[in-house]
Amino acid sequence: MERDDISQIVYDKNVIDFVAVAAEFCHFLENEAEPTRSEWVDRMLKLLPLLYVKALLLPVTEELNDEFPPTFVREEDYARVASRIAELMGEEDIYLDVFVEEMKYSERPISAFVSENMADLYQDIRNFVSVYQFELKEQMLYALTTCRETFYLYWGQKLVNVLRPLHTLKCRDEESSIENDNDIENINREELWD
């Protein structure tokens, strides 16, 4: 493949849009600031669907050879992200996953962890973003090809699976907030009539 062809693919508008959202996703997970669980869930519910849509728009690439792009995420990085999310999520980290292969053959529900799925997403996406930071076009093409393939085979499903418990948590928080607002409003009305 010619250098011009590679540049056209790796700098395609849809690829650059994906890189921007992917970088923002990684930055948010790596940020040392400690958001509340509600803030973190709210941010993920905005980033994850956008990441999914942008991944769907990645162009099809032809494989150059069997070479894999370099990996940048170490075990410690993965563990740090997973443990921070597990700590943040607390008892809400675990959820029942119905879209796993083992579920077909099991009579019992299969448990999954928001923290583990998010760390899996982080690993694949961070590796991709890191390659793009070096701006080596052939490596970028390998990374793009790998990222697109793993999206369809692996991390795309993890992304949509983790949306369900995050959505449930968001709805529960909203419902609780509405109930608290109604309680305060009722108390204020009672004070007016006293």
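So, contacts along the chain. Take the contacts between residues at least 6 apart in sequence: 78% of them join residues at least 24 apart. Keep in mind that this is a predicted model, so everything I show you is computed from it.

Okay, what is the chain built from? It has six helices and two strands.

The accessible surface of the chain is about 11900 Å², and carbon and sulfur atoms account for 52% of that. As for the inside, 36% of the 194 residues are buried.

Let's zoom in on one pair of helices. Two packed helices are described by the angle between their axes and the distance between the axes. Here the pair is α3, residues 37-56, and α5, residues 114-134. They pack at about 45°, and their axes are 14 Å apart. Why do we call α3 oblique to α5? Because of that angle of about 45°: roughly parallel would need an angle under 35 degrees, and roughly perpendicular starts at 65. The crossing of α3 past α5 is left-handed.

And which residues touch? On the α3 side you'll find Trp40, Met44, Leu48 and Leu51. On the α5 side, look for Val114, Met118, Leu121 and Ile125. What classes are in that contact? Eight nonpolar residues, no polar ones and no charged ones.

Key. Residues numbered from 1 in each chain as written. Predicted model: local features only at pLDDT ≥ 70, side-chain atom pairs only at ≥ 80, totals over all residues. Heavy atoms only, no water. Axes fitted to C-alpha atoms, helices over the stretch in contact; angles between N-to-C directions. Helix = DSSP H or I, 4+ residues; strand = E, 2+ residues; numbered from the N terminus. Parallel < 35°, antiparallel > 145°, perpendicular 65-115°, else oblique. Left-handed = near helix turned anticlockwise from the far one by under 90°. Contact = heavy atoms within 4.5 Å. Nonpolar A, V, L, I, M, F, W, Y, C, P; charged D, E, K, R; others polar. Buried < 20%, exposed > 50% of the residue type's maximum accessible area, 1.4 Å probe, protein only. Areas by Shrake-Rupley, 256 points an atom, 1.4 Å probe, with all protein chains shown as cover.
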